[in-house]
Amino acid sequence: MRRRWTSVLAAIVAIALVPATTVPARAATPITTAIYTADPAALVVGNTLYLYTGHDEASAGGTNFVMRDWHVYTSTDAATFTDQGAKLSLSSFPWAGGDAWASEVEPRNGKYYWYTSINGNGPGWMNIGVAVGDSPLGPFTDAKGGPLISDSTANSSPLNIDPTVFTDDDGQAYIYWGSYYGVRAARLEPDMINLDGPVVTPSGVSNFWEAPWMFKRDGTYYLAYAANDSGCSQPGYACVRYATASNPLGPWTQRGVVLDQVTSTTNHPAIIEFNGQWYMVYHNAGAPGGGDFRRSVTLDKLYWNADGTMRKVVQTTTPIGGGGGRPPSGTNHALTATASTSYVSPWETLGAIKDGFVPSGSADHSHGAYGNWNHQGTEWIEYQWPSARTLGKVATYWFDDDQGIDLPASCQVQYWNGGAYVNVPGQSACGVGANTYNVTTFNQISTTRLRLNITSRTGYSTGVLEWMAL
């Protein structure tokens with residue numbers, strides 16, 4: 001994760017951080033828009049994908065990172081994610097002074113070790129700490145009582161952040177970390193909380209800036225990392241390069257760019273295989289109100305060439321599962337419901353949201369559309385049934401007429417519990433992507449009424465082409 005530098009280090013990076021005048025427009029769909037997330041790490045345990053993320057809390061227009069805890073998101077399909085909450089925070093480390101930056105979790109001997117970037121209370125700026133838990137969701141506690149790596153560590157990086165930990169087939173674990181062009185590596189002892197031997201500077205990792213991610217495939221070691229050279233990104237932004245090696249400590253051979261620059265200046269990769277498909281997990285500024293200090297984690301599919309090189313990841317704007325041109329499978333109870341709303345424009349058609357028509361895109365209102373122009377703020381649409389229906393997800397296809405109606409800033413699914421509307425339990429991200437069915441899952445409920453609260457972007461109204469209740 002690239003940082004805003006202190007004055008003592010400004011001279012080191014003055015050339016690298018020329019303010020950008022343009023920002024790339026493409027942005028993949030975030031795993032959540034409820035909060036801002038960053039610096040993802042991925043772990044597969046059984047049939048579950050775990051994403052460990054930082055939590056951006058900077059205010060709109062903020063000019064520095066505000067990060068106090070780390071969240072865990074889970075998924076069984078790499079399409080819908082459930083926020084399991086903040087499972088680790090600065091308060092978990094008595095010696096921490098601030099800055100809950102990038103982290104990664106590594107399993108070993110039935111335990112889970114969470115390596116974190118933290119601003120300590122002692123001399124120097126950033127340190128790497130480690131917490132431990134008995135499950136991927138913890139609870140986690142400080143495993144060492146102080147930093148694993150700090151400025152006092154011999155041959156440490158110019159900035160000790162962004163740890164990635166890899167355990168080889170023989171059981172030997174390795175840690176990579178660093179920033180300010182200073183990638184470092186070391187072996188870990190079997191206890192996973194002490195270094196086993198000296199810190200080394202791996203060779204061949206050209207154009208390294210920060211955010212390393214290490215893994216192994218078919219006997220080859222891969223190291224992906226953020227780079228900000230002119231060959232892959234505009235000044236002040238980062239892409240993701242990768243290198244390969246036949247030994248976990250190198251030497252490494254540069255292979256090229258696997259992810260182009262994104263909509264945030266920083267870039268942070270995690271590469272994982274899940275259910276037979278490889279994914280690139282990263283962050284951008286794609287969520288409503290997002291920016292360099294209000295980032296959002298997302299993921300896209302990653303594919304391989306026959307020679308073991310990675311194809312460049314295509315950044316998408318639609319969810320990986322359940323989206324695109326076809327609706328998700330399942331019984332659509334919306335077809336038997338009565339629809340109502342807080343407001344619909346006189347020339348629009350509320351019934352269009354449940355006519356079963358498959359739009360060609362968000363601007364396709366050939367079969368009518370629900371819209372609430374010129375209302376702004378939060379409006380709602382609702383389904384009601386004469387008897388209870390058992391529901392576990394919805395799919396929303398947003399209407400965007402490129403005029404007064406735009407994609408919403410956020411949304412929230414609620415149900416009638418017999419006395420009031422309450423949020424559905426365990427709701428995954430309520431997606432706001434264009435040209436797709438945004439699938440939102442939640443814990444199964446039984447209800448006679450379901451509501452979708454829709455909050456507009458400033459200056460716009462909102463609309464819906466299809467709203468499925470499944």
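**Entry 1: overall build**

I began with burial: 59% of the 470 residues in the protein are buried. This is a predicted model, so I keep in mind that everything below is read from a prediction.

Next I asked myself how the radius of gyration sits against that of a compact globule. With 470 residues, such a globule would come to near 23 Å, and the protein has 23 Å, which agrees. I also looked up the box filled by the C-alpha atoms, and along the principal axes it is roughly 70 × 45 × 45 Å.

Then I checked contacts with a separation of 6 or more: 61% of them are between residues 24 or more positions apart.

**Entry 2: a three-stranded sheet**

I picked out an open sheet whose strands come in the order β17-β18-β19, with antiparallel pairing. Which strands are at the edges? They are β17 (270-274) and β19 (296-302), each of which pairs on one side only. Neighbouring strands here are turned by 30° against each other on average, direction ignored.

One residue I followed up was Met280, whose bridge partner in β19 is Asp300.

**Entry 3: the cores**

Met280 turned up again when I looked at the nonpolar cores. The largest core has 62 residues, and Leu51, Trp114, Ile271, Met280, Leu302 and Met310 are the ones with the most contacts inside it. Which strand gives the largest share of this core? That is β18, with five residues.

I listed what Met280 touches, leaving aside its neighbours within four places in sequence. Among its contacts are Val240, Val258, Leu259, Pro269 and Ala270. Ile271 and Leu302 are on the list too, and both belong to the core residues with the most contacts. Asp300, the bridge partner of Met280, is also in contact with Met280.

There is a second, separate core of 27 residues, and it includes Tyr370, Ile381, Trp385 and Tyr415.

**Entry 4: disulfides**

How many disulfides does the structure hold? I found two, and with bonded cysteines counted along the chain they follow the pattern 1-2, 3-4.

One of them joins Cys232 to Cys239, at 2.1 Å from S to S. The angle about the S-S bond is -85°, which makes this link left-handed. Both Cys232 and Cys239 are buried.

The other is formed by Cys411 and Cys430, with the sulfur atoms 1.9 Å apart. This link is left-handed as well, with -120° about the S-S bond. The pair links distant parts of the chain, 19 residues apart: Cys411 is in strand β23 (residues 410-416), and Cys430 is in the loop between β24 (421-423) and β25 (438-455). Are these two cysteines buried or exposed? I have both down as buried.

I went looking for cis peptide bonds and wrote down two. From Gly138 to Pro139 the bond is cis, with omega near 10°, and Pro139 lies in the loop between β8 (126-133) and β9 (141-142). The bond from Gly250 to Pro251 is cis too, also with omega near 10°. I placed Pro251 in the loop between β15 (239-245) and β16 (253-259).

Asn207 has a phi of about 65° and sits in the loop between β12 (184-188) and β13 (210-217). Asn207 is at 37% relative accessibility, so it counts as partly exposed.

Asp218 has a positive phi near 50°, and its place is in the loop between β13 and β14 (220-227). Why does Asp218 count as exposed? Its relative accessibility is 69%, and the cut-off for exposed is over 50%.

I finished at Asn332, found in the loop between β19 and β20 (338-341). Asn332 counts as buried because its relative accessible area is 14%, and buried means under 20%. Leaving aside neighbours within four places in sequence, Asn332 is in contact with Met468, Ala469 and Leu470.

Methods: Residues are numbered from 1 along each chain as its sequence is written. This is a predicted model: local features need pLDDT of at least 70, side-chain atom pairs count only at pLDDT 80 or more; totals for chains, interfaces and linings use all residues. Side-chain values use heavy atoms; hydrogens and water are left out. Two strands pair if DSSP finds at least two bridges between them. Helices (H or I, at least four residues) and strands (E, at least two) are DSSP runs, numbered from the N terminus. Axes are lines fitted to C-alpha atoms, for helices over the stretch in contact, and angles run from 0 to 180 degrees between N-to-C directions. A disulfide is a pair of cysteine sulfur atoms within 2.5 Å. Buried means under 20% relative accessible area, exposed over 50%, partly exposed in between (1.4 Å probe, protein chains only). Contact means heavy atoms within 4.5 Å. A nonpolar core is a set of buried Ala, Val, Leu, Ile, Met, Phe, Trp, Tyr and Cys residues joined through side-chain atoms within 4.5 Å. The radius of gyration is taken over C-alpha atoms; the globule rule is 2.2 Å times the number of residues to the power 0.38.
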